[in-house]
Amino acid sequence: MTELGRVPLHDLHLELGAKMVPFAGYEMPVQYPLGVMKEHLHCRARAGLFDVSHMGQVILRGEDAAAALERLVPQDVTGLGEGRQRYAFFTSDAGGLLDDLMVANRGDHLLLVVNAACKEADIAHMRDALEPAGVSVEPVEDRALLALQGPEAEAVLAGLNEAARDMRFMDVADMELAGAPCWVSRSGYTGEDGFEISVPVAAAEPLARALLEHEAVAPIGLGARDSLRLEAGLCLYGHDIDETTSPVEAALTWAVQMARRSGGAREGGFPGAERVLREITQGTDRRRVGLKPQGRAPMREGVALYDREEGGAQVGQVTSGGFGPSVGGPVAMGYVPAAMSDPGTALWGEVRGKRLPVEVAPLPFVPANFKR
Amino acid sequence: MKYTEEHEWLRVEDDVVVVGITEYAAEQLGDVVFVELPEVGQTVSKDDECVVIESVKAASDILAPIDGEVTEVNEALVEDPGKVNEDPTGDAWFFKLKAADPSQMDELMDEAAYNDFIGD
């Protein structure tokens, strides 16, 4: 067994009473003494502080970095304005998803944030494709990553730097916070307004303590992070999306800008483009949807879906599911045939050998609360 | 009170045995969000899965600690599963059993043995 990595805030997590668990090669806080349910509700009502330092931060530098990255992702990167960020994903030659990520235009470089479990593969993938084009791929090893999320996030961060108020959803900016030079984006993974903050390792703990000092802020673990993102309808890589799912199947077509679609200025030119562009126009046989179990029993990842209460073949599968504290009941996502993907479609999920009713539901389960 | 290695407690009340889970178990489970109870009148054998309990984290089973017949279930838990975290050893009992063989209780741990078992 390989040794687990430790995040820069490890000691602070222990001091705060976190229960630490292995996650993507790191020891991470899954919950604090407040517990998953209350942490979740606190984040939606006030503000939550998340340590996401296990995620990969990577700088791409080079004159043609944006154009070069467009050879790996179906997003418009060259058209991304300075000081702006967008959601993106690496596609495979077969048109599946290798990872999803955030890419920010920071003037003389691009800053990417990729999933912890994929970061080594992503870096190798980018080195292969980008270095020959004269673009350097520089993993950022000396910074932690924090997320401050929730309706009071702006007021809290503005207490450390008023400039936080001027940012809108998906803006990125350099900002001094608690004396440290931080890279801040107005984004997150909860469906709430909030910020993601890249901070030098040595300054991470003082910054976290300064944020936690605010009475509105509670530390939030990975458990609540998962239920928050599930209610927000956001995909978790390795669960809702992976190499076997295409962007169109995953209902991520919105993230492929017109410039890269058929007839666009820079149509295609990314791995799997033929499939992805065809699926955008022709549709797919299956699709990721929201699923609302009609009873109280959660339908978790792996639950088989049927279109009738008895008999018949499996038609789909839950890829993420659990209890949604803000919804006050079970919520799930999964893949179903396109013909059964309209909200309101009645399906059944098999839980402990019994088929229980579940309805296709619009995503997100909780309205997004972004400052656009 | 008697205790099992599955973190259940058993309390004899008149001629029935009341079964619930310990505070330690409730804390390990985290916030309980779903409870499925056995049927009244159902006959269970020791180690039968007779309650499903789901927390925000995962699903788990509660096993029948002894043989017997279910005489009563705590329907209030179905409506308000969070009671399991609030009062696991009081209000949040799961079911009552008429023991088929009361001597099975003798094999279970007492409080001191259970506290040793959980390393308290």
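**Entry 1: a sheet in chain B**

I began with strand β4(B) and found that four bridges join it to strand β6 (residues 49-55) of chain B, the two running antiparallel. I am working from a predicted model, and I keep that in mind for every value below. Within this pairing I looked for the residue that faces Phe34(B), and found Glu54(B) of β6(B) standing opposite. I then traced the whole sheet, which is open and has three strands in the order β4-β6-β7 (chain B), with antiparallel pairing. The strands β4 (32-36) and β7 (59-63) of chain B stand at the edges with a single partner each, so one side of each has no neighbour in the sheet. I also noted that neighbouring strands of this sheet are turned against each other by 25° on average, if direction is ignored. As a reminder to myself, strands of a sheet pair through backbone hydrogen bonds, and they do this in either a parallel or an antiparallel way.

**Entry 2: where chain A meets chain B**

Glu54(B) came up again when I turned to the contact between the chains, where its side chain meets that of Arg352(A) in a salt bridge (2.8 Å, N to O). Across the interface of chain A and chain B I counted four salt bridges. Sorting by class, I found five nonpolar, two polar and five charged residues on the side of chain A that touches chain B. I also looked up the polar contacts between chain A and chain B, and the count is ten residue pairs, with both residues at pLDDT 80 or more.

How many residues does the contact take from each chain? It takes twelve residues from chain A and 13 residues from chain B. The two chains bury about 1,200 Å² between them, and 48% of this is on carbon and sulfur atoms. I then asked which three residues supply more than any other three of the area that chain A buries against chain B. They are Arg296(A), Arg300(A) and Arg352(A), which supply 49% of that area.

**Entry 3: a sheet in chain A**

In chain A I looked up an open sheet of six strands, in the order β11-β12-β13-β10-β4-β14, and its pairing is mixed. Its edge strands are β11 (172-177) and β14 (217-219) of chain A, each of which pairs on one side only. The twist from one strand to the next averages 30°. For a closer look I took β11(A) and strand β12 (residues 180-185) of chain A, which pair in the antiparallel sense over six bridges. Here Ala173(A) has Val184(A), in β12(A), as its bridge partner. Helix α6 (residues 201-212) of chain A packs on this sheet and touches several strands, among them β13 (194-200), with whose direction the helix makes about 145°.

**Entry 4: a salt bridge within chain A**

Over all chains the structure holds 35 salt bridges. One that I looked up joins the side chains of Glu27(A) and Arg6(A) (3.2 Å, N to O). Glu27(A) lies in strand β3 (residues 26-31) and Arg6(A) in strand β1 (residues 5-6) of chain A, so the pair ties together parts that are 21 residues apart in sequence.

**Entry 5: backbone exceptions**

Most residues other than glycine have a negative phi, and most peptide bonds are trans. Against that background I noted His7(B), in the loop between β1 (2-3) and β2 (8-13) of chain B, whose phi is near 65°. Asp47(B), in the loop between β5 (43-44) and β6 of chain B, has a positive phi too, near 75°. Finally, a cis peptide bond joins Leu363(A) and Pro364(A), with omega about -5°, and Pro364(A) lies in the segment after β20 (354-361) of chain A.

Methods. Residues numbered from 1 in each chain as written. Chains lettered and ligands numbered in written order. Predicted model: local features only at pLDDT ≥ 70, side-chain atom pairs only at ≥ 80, totals over all residues. Heavy atoms only, no water. Contact = heavy atoms within 4.5 Å. Buried area = accessible area lost by both parts, 1.4 Å probe. Polar contact = N/O pair within 3.5 Å; in protein donor to acceptor, adjacent residues only side chain to side chain. Nonpolar A, V, L, I, M, F, W, Y, C, P; charged D, E, K, R; others polar. Pairing = 2+ DSSP bridges. Axes fitted to C-alpha atoms, helices over the stretch in contact; angles between N-to-C directions.
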